[in-house]
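Biologist: I have a structure open and want to learn how to read it. Can we go through it feature by feature?

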Amino acid sequence: MASAASQPLSFPPEIFAALTPTPFLLAHLNPSNPKTPSLRANGRKASQFRTPTINTNSLTHCSGSAVVRLGDTAVVCGVRGEILLAKDIPNAPHVELPDEEGDAISNNNDDDDDDVTEITSLNLLVPNIELATGCSPAHLPGNPPSTLAQSLSQRLLSLLNTTRLIRASDLRIMYRPPTTSDDDDDTPPPLQVVAYWTLYIDILMISLDGNPFDSAWGAILSALQNTILPKAWWDPDLEILLCSDRVSEGKKLKLRGSPVASTFVVFEPGREKGVQEQRTWILADPDSFEEGLCRESVTVVVDYVEGVGRVRRIEKGGGVVVGRDELGYMTKLALGRWSQWDVVLQEEME
Amino acid sequence: MTDRRRISGPSVGTAPPIFSSTIVGAEKAQLKRPVRTRKPSELRKIFLKTGVTPSASGSAYLELEFPSPSTPSSQKKTFLSPSSTLKLTCTIHGPKPLPRSSPYNPSLLLSTTIKFSPFATRYRRGYIRDTIERDLSAHLETALRGVIIGDRWPKCGVDVVVTVLEGEEDRWCGDELGGGSDGVGGVGGWGSMGVLAGAVTVASAALVDAGIDCVDLVTGGVAAVVGRSRSLGGKAQQGDDEDESFVVLDPSPPEHAEIGAACVVAYLAERDEITELWSKGDAGVPAEELVDQAVAAAKATRNVLVEAILETAKLKFPDAVLSTGKSGGDIDMTG
């Protein structure tokens, strides 16, 4: 009896989090004691992201690979190149090729050439995310890909295409047919595209604690930055496409910029019955617990082009809280987040 | 029928690259075959760690040492990886109550899944489970079922998910066309045996991490009957092969031109019991020795497992292990 009285009637935090999640997070963000700083349940400030860590090229069978960790979220991404022969393609798109080798090099620096239709019409980029690895209790194998997995794959593909990250010129495999005896002109026959590299970008969630999109995109970006495609040529005698197995002869992908995604959620405690709170909080880089409580989410993709911050994409859905001011605030945070990613990405590129 | 729930790439299909160095003459290529530098009774170094997936009730990661540590993969010279390695993660979800609709089950319902990632092997694998994966899952289930004390969780289920990030190869890349390691028309599939042994060990570590009661620690071990590489002798004749074959522990299939038979066991060292035995190929007379050697490999793996689990225990229960650690120290002093 005495021992029972000495113990205050209290539960550990996990019990509160499970029973009354919204008031639990609210009590952290809006502490009753004004001296306590306003922190989230995971100890971060509302605008604070988790620091990414990257480890690249640890997979043997990939042209490029990366393992990205954001707190307790861990993602593996492997990029594999396979060959799509041009003669197999029905209704091949017309490709305007540069006439000379010299032109091809100068064109690489030119970002204006529109090659997105070439990549999209041939489906040369194939990103797929697999959540059913037991990465969290909600995603167990044995079922078809969940709605979340399907939508994530599509969002990643769409972002790859709209940011024009990959150049079609890096994926083309060229061949110059030998001069035939019939034409006596000095001009050699033009270069032709004999095949394309198709990039299979497979993403495996090893551990999921919120924010799968940012981590998956970071893993794709880092893997692509470190991808080396083998040197490939058409062998007219064997009539097959051969590759050189020497890494030194391979070619790195020249990406257009390095866009970084930042996801935010909006916490509206007033939505729950019995909670008297009209304020809302914008939480950067949410974890699983916060994602479960918030309805509205915004993903801002930014990049720096010649030192100027640019918005590459904004996705918003699920609520009505975020307006123009909030979007501006998030974009500012996203630009700050870009530098964080840039530091770790640059380290891995060396 | 295309998979509409995933992004499927070009409709006409794509082919993996063919490397010019693999189509040269077979004899010339044999010189590049990786050579086993370990002793026949020596295992590759194992890295084992628990707690990689915090959202799961138990998890573990296992990696085998890459045979040539002098050249890390970031500075690799060639796209063709001569040898193979193993990288596995395992997560355990549960024990959790079964859905109300399911019939009464007096003991823990175990469901195991082994899934290869698309980039696990030399050729890209699909997302849909294939027969090899189903087969391996069934083997893993039998290996674990004999260890778990299932009566303690009636009406409950547990999911064991092993993801193969990188799997052992069935044969060396130079043998793809030549048919070495029984590539063409032979038994083949040697790589999956190593994968199963690793999966048993990693699942065992994850079971302990999840705190599921077991009668003992189960570990996997592989042994194989291999022939001496012909390229070394050059004059080895068909008749000599049987005399020349010997048993190795923890074989890496690319290192052997001929594998006669292989055996995997899941072994409980304390109780001296085997919960799973899987043997392939024609072992002939040394069949019993093959099983004994596989058990020896499992015993050696157990040391790594015990160490990894001790590390987990130190993290989870710092007080409890501190006291045993002291007593352990005392024993060392007196001994």
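This is a predicted model: local features need pLDDT of at least 70, side-chain atom pairs count only at pLDDT 80 or more; totals for chains, interfaces and linings use all residues.

Biologist: Is Trp217(A) buried or exposed?

Modeller: Trp217(A) is buried, because its relative accessible area is 1% and the cut-off for buried is under 20%. Separation along the chain is another thing to read. Ala27(A) is 190 residues from Trp217(A) in sequence, and their C-alpha atoms are 32 Å apart.

Biologist: Now the whole chain. How many helices and strands does chain A have?

Modeller: Chain A has ten helices and 14 strands. Its C-alpha atoms fill a box of roughly 105 × 40 × 35 Å along the principal axes. Of its 350 residues, 51% count as buried. For contacts in chain A with a separation of 6 or more, 69% join residues 24 or more positions apart.

Biologist: Which side chains make polar contacts with the side chain of Thr263(A)?

Modeller: One is Asp214(A), at 2.6 Å. Another is Thr299(A), at 3.2 Å. The contacts of Thr263(A) beyond four places in sequence also include Asn211(A), Leu283(A), Ala284(A), Asp285(A), Pro286(A) and Val298(A).

Biologist: On to the interface. How do I state its size?

Modeller: The size of an interface is often given as the accessible area lost when the parts come together. Here chain A and chain B bury about 4,700 Å² between them. Carbon and sulfur atoms account for 60% of that area. Thr60(A), His61(A) and Asp245(A) supply 14% of what chain A buries against chain B, more than any other three residues.

Biologist: How many residues does the contact take from each chain?

Modeller: It takes 58 residues from chain A and 52 residues from chain B.

Biologist: What about polar links across the interface?

Modeller: There are 19 residue pairs in polar contact between chain A and chain B, counting pairs with both residues at pLDDT 80 or more. Several elements of chain A each give at least two residues to the side that touches chain B, including strand 3 (73–85), helix 6 (147–162) and strand 6 (192–207). Strand 6 gives the largest share, eight residues. By type, that side of chain A divides into 32 nonpolar, 18 polar and eight charged residues.

Biologist: How many salt bridges are there between chain A and chain B?

Modeller: The count is one salt bridge. Arg124(B) pairs with Asp202(A), with the closest N and O atoms 2.9 Å apart.

Biologist: And over all chains, what does the salt-bridge count come to?

Modeller: It comes to 29 salt bridges. In chain A, Glu315(A) pairs with Arg313(A) at 3.3 Å. Glu315(A) is buried, with a relative accessible area of 18%.

Biologist: Which distant parts of chain B does the pair Arg38(B) and Glu255(B) link?

Modeller: First, the bridge itself: Arg38(B) and Glu255(B) meet at 3.6 Å, N to O. Arg38(B) lies in the loop between helix 1 and strand 2 of chain B, and Glu255(B) in the loop between strand 8 and strand 9, 217 residues apart. Arg38(B) is buried at 15% relative accessible area. Glu255(B) is buried at 8%.

Biologist: Give me another pair in chain B.

Modeller: Take Arg302(B) and Asp216(B), in a salt bridge at 3.3 Å, N to O. Arg302(B) is in helix 7 and Asp216(B) is in the loop between helix 4 and strand 7, so the pair ties together parts 86 residues apart in sequence. Both residues are buried. Salt bridges with shared partners also join Arg38(B), Arg44(B), Glu168(B), Asp250(B) and Glu255(B) into one network.

Biologist: Last, cysteines. How many disulfides does a search of the whole structure find?

Modeller: The search finds zero. Cys90(B) is in no disulfide, and the nearest cysteine sulfur, in Cys214(B), is 12 Å away.

Terms used: Residues are numbered from 1 along each chain as its sequence is written. Chains are lettered from A and ligands numbered from 1 in the order in which they are written. Side-chain values use heavy atoms; hydrogens and water are left out. A disulfide is a pair of cysteine sulfur atoms within 2.5 Å. Contact means heavy atoms within 4.5 Å. Buried area is the accessible area (1.4 Å probe) that two parts lose on being put together, summed over both. A salt bridge is a side-chain nitrogen of Lys or Arg within 4 Å of a carboxyl oxygen of Asp or Glu. A polar contact is a pair of N or O atoms within 3.5 Å; within protein, one must be able to donate a hydrogen and the other to accept it, and residues adjacent in sequence count only if both atoms are side-chain atoms. Helices (H or I, at least four residues) and strands (E, at least two) are DSSP runs, numbered from the N terminus. Ala, Val, Leu, Ile, Met, Phe, Trp, Tyr, Cys and Pro count as nonpolar, Asp, Glu, Lys and Arg as charged, and the others, Gly among them, as polar. Buried means under 20% relative accessible area, exposed over 50%, partly exposed in between (1.4 Å probe, protein chains only).
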